[in-house]
Amino acid sequence: MFKRIIFALLYKENNFYLSRNFSLQKVGDLNWLKNNFAFNETCKSIDELVCLNIDKNVSIKSKNNFIKMINELRKTIFIPLTLGGGIKKKEDAKLYFENGADKISICSHYDDIGLIKKISEEYGPQSISIFLDYKKNHKGQNSIYINSGSSPASTISEFFKKEKILKLVGEIIINSIEHDGVGTGLDIKVLNDLKKIENPILLMGGAGKPEHFDIVFKNSRVNGVVTANLFNFLGNGLNKTREILIKKNINVINFI
Amino acid sequence: MDKKISNKLNKENFVGIIDYGFGNIASVKNALNYLKIKNKVISSPIKKNKFSHLILPGDGFFPKAAQIIKKNKWDIFIKDFINGKKKILGICVGMQLLLSFSTEGRGAKGLNLVSGKIEKFSKKKNFSLPHMGFNMVKFNDNKFKDLEGYYYFIHSFRLKKIKDKSIVTGLTRYSDDFVSFFKKDNLFGTQFHPEKSGQRGLIFLKKFILD
């Protein structure tokens with residue numbers, strides 16, 4: 001199966017953000033993205049787009065503004081879309097599906113089997129991705145952090161023993177807080193904690209240049225790489241990355 | 001591939017998009033708007049309508065989708081429309097619903113407009129489920145041949161084969177071959193999502209409507 005190059009937009013209160021080790025820097029609104037970043041062009045060279053509302057407490061107003069932005073974005077972008085951020089109940093997921101999500105990302109409630117089951121039964125497991133932020137805990141184990149990286153939860157290996165949840169969902173996006181926005185390469189070692197699961201795995205955090213994709217795509221367990229770095233892949237940066245990977249015989253799609 | 005997308009509003013066609021609570025209605029609508037094709041989302045069957053084409057989108061759990069489509073009498077509406085020799089396109093679960101049966105969940109009957117059975121992909125190493133992402137569609141229909149290429153898929157159940165092989169117009173390989181596009185007279189079905197397949201998908205939709 002093809003390796004996917006996925007772009008993630010981090011959104012909060014009408015603006016998009018760059019994140020580096022989870023500290024945020026405002027970059028601009030949707031017009032900025034379209035005009036200065038030629039985002040519509042970027043979208044011709046990516047497999048999918050992820051949009052996350054990273055507001056810590058997603059209020060009704062924040063939710064509505066996010067949806068408004070998504071609906072504007074969707075008028076000119078026709079690629080698969082994953083929406084996430086603030087999903088606490090089935091209705092939150094429903095709102096996203098009704099507003100163009102092909103998949104939704106469950107972040108802080110990744111462990112809530114009741115919630116996941118309800119969504120899975122209605123929309124199918126393939127439409128749910130689990131989005132996990134992780135970093136090393138004091139014991140050196142990869143540990144999941146919820147609430148925008150502020151509260152530690154279970155370790156990754158503990159969570160992946162929960163076969164019931166894994167059967168109810170599709171892919172797993174695994175985002176390294178320590179590699180986030182640094183651009184020095186992805187954390188391939190985390191795959192050691194994910195050996196037994198069958199779900200597609202997307203690695204996020206640390207992609208800064210084409211070689212970084214090359215290295216992880218050689219691993220058969222990695223189905224895709226997610227990058228949120230607006231500046232490392234400015235303009236046709238991701239298109240060039242794709243060209244380089246094709247030349248290196250990496251199984252990515254040639255969209256041309 | 002003809003990459004041109006016209007800026008002129010196409011008034012000759014009027015596409016009805018069936019909203020039965022499953023699937024990406026707005027994405028289909030946005031794509032048609034982008035293509036400047038007149039369209040309308042309908043959330044209940046309209047007996048007297050002026051549609052030239054229908055699109056039945058779909059995502060999600062087959063048994064529930066099938067239940068709703070029958071409960072709200074969309075099945076009758078669709079059959080009447082087809083009898084009027086007008087074209088309909090089923091997308092993903094919308095396509096699957098046109099078949100006789102799916103084994104998803106405890107199994108459920110479809111609309112039986114095409115005989116065949118939707119089954120889960122057989123388990124194989126290195127082929128994780130759901131089958132998700134872009135994959136190659138090999139067309140054997142002359143009209144669509146130049147649009148051969150990558151389209152977006154997201155599904156775990158597929159149409160492995162149809163009795164009537166002559167209606168198979170597109171095949172895709174994921175561990176083994178399955179039917180990704182069929183055409184039975186004025187009845188079209190795609191397992192892939194043209195409305196999510198970038199430029200190529202938009203042109204596919206345009207071709208379905210204008211050709």
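How many residues does the contact take from chain B and from chain A?

View 1. The contact, meaning heavy atoms within 4.5 Å, takes 31 residues from chain B and 32 residues from chain A. Together the two chains bury about 2,700 Å², with 57% of it on carbon and sulfur atoms, where buried area is the accessible area (1.4 Å probe) that two parts lose on being put together, summed over both. B:Met132, B:Phe134 and B:Lys196 supply 23% of the area that chain B buries against chain A, more than any other three residues.

**View 2. A salt bridge between A:Asp102 and B:Lys196.** The closest N and O atoms of this pair are 2.8 Å apart, and the rule, which asks for a side-chain nitrogen of Lys or Arg within 4 Å of a carboxyl oxygen of Asp or Glu, finds three salt bridges across the interface of chain B and chain A.

**View 3. Helices H4 and H5 of chain A.** The axes of H4 (residues 90-98) and H5 (residues 113-123), which are lines fitted to C-alpha atoms over the stretch in contact, with angles running from 0 to 180 degrees between N-to-C directions, come within 9 Å and cross at roughly 35°. Helices here are DSSP runs (H or I, at least four residues), numbered from the N terminus. Among the residues that meet are A:Ala93 and A:Phe97 in H4(A), and A:Leu115 and A:Ile119 in H5(A).

Residues are numbered from 1 along each chain as its sequence is written, and chains are lettered from A in the order in which they are written. In this predicted model local features need pLDDT of at least 70, and side-chain atom pairs count only at pLDDT 80 or more, while totals for chains, interfaces and linings use all residues, and side-chain values use heavy atoms, with hydrogens and water left out.

Notes
Helix = DSSP H or I, 4+ residues; strand = E, 2+ residues; numbered from the N terminus.
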